[in-house]
Amino acid sequence: ASKRMDISTIFINLQLNSRLMTQQAKQEPSRTGALKNLMKMGFGGIAGTIGLCMVDPVESIKTVIQLKSEAKEATSVGKAIKDIRKGGGISNFYNGLPAAVLRQFFFASIRLGLFFSYADYLKTKKKKDSLSLLESTAGSLTSAAIGISSVM
């Protein structure tokens, strides 16, 4: 439970820091937009990487279950966890993590940085506080497409 609390605290702090920087940028017109966007991209990459680190062990368990079911072996989540630990300890839950972290950091940085830059641009241009569902969907799909194509 303490690890969950720590991770949720990290997410809340990232969100609060992002909001604080956005408020400071509005109050301080001397700050450049490029710095603000780079910070958003950095926070996006950090958030994506933290999410990946939380999901990666579950992906390892899922992969073991899929491989065992293809081999017609009966398995369960508990048995898959035991098999992974037996094969090399807890570190086996994170096989391939360094490459995945690098990829995810750049992908999330680009995707979230572009989306928030797009959202800020539209909010400023249209002089409103939030985006419509259509604008938000278009921005997220476009940002994801650019992020995916840049990582490949």
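**Charged and aromatic side-chain contacts**

D83 and K68 join their side chains in a salt bridge with an N to O distance of 2.9 Å, the term meaning a side-chain nitrogen of Lys or Arg within 4 Å of a carboxyl oxygen of Asp or Glu. K68 counts as buried because its relative accessibility is 19%; buried means under 20% relative accessible area, exposed over 50% and partly exposed in between, with a 1.4 Å probe and protein chains only.

The model is a predicted one, in which local features need pLDDT of at least 70 and side-chain atom pairs count only at pLDDT 80 or more, while totals for chains, interfaces and linings use all residues. Residues are numbered from 1 along each chain as its sequence is written, and side-chain values use heavy atoms, with hydrogens and water left out.

Across the whole structure, the search returns seven salt bridges. Side chains of opposite charge can pair when their charged atoms come close. A second example brings K126 together with E135 at 2.7 Å, N to O. E135 also takes part in a salt bridge with K128, where the closest N and O atoms are 3.2 Å apart. Elsewhere, salt bridges with shared partners connect K68, E73, D83 and K86 in one network.

Turning to the aromatic residues, the structure contains two aromatic pairs, where rings of Phe, Tyr and Trp (its six-membered ring) pair if their centres lie within 6.5 Å, and planes under 30 degrees apart count as stacked, over 60 as edge-to-face and the rest as tilted. F105 and F106 form an edge-to-face pair, because their ring planes stand at 80°, with the centres 5.7 Å apart. Both are partly exposed, F105 at 29% relative accessibility and F106 with a relative accessible area of 44%. The pair of F115 and F116 is likewise edge-to-face, with centres 5.4 Å apart and planes at 65°. Here F115 is buried at 16%, while F116 is partly exposed at 37%.

A charge also meets a ring: the charged end of R103 sits over the ring of F107, 5.5 Å from its centre. Such a placement requires NZ of Lys or CZ of Arg within 6 Å of the ring centre and within 35 degrees of the ring normal.
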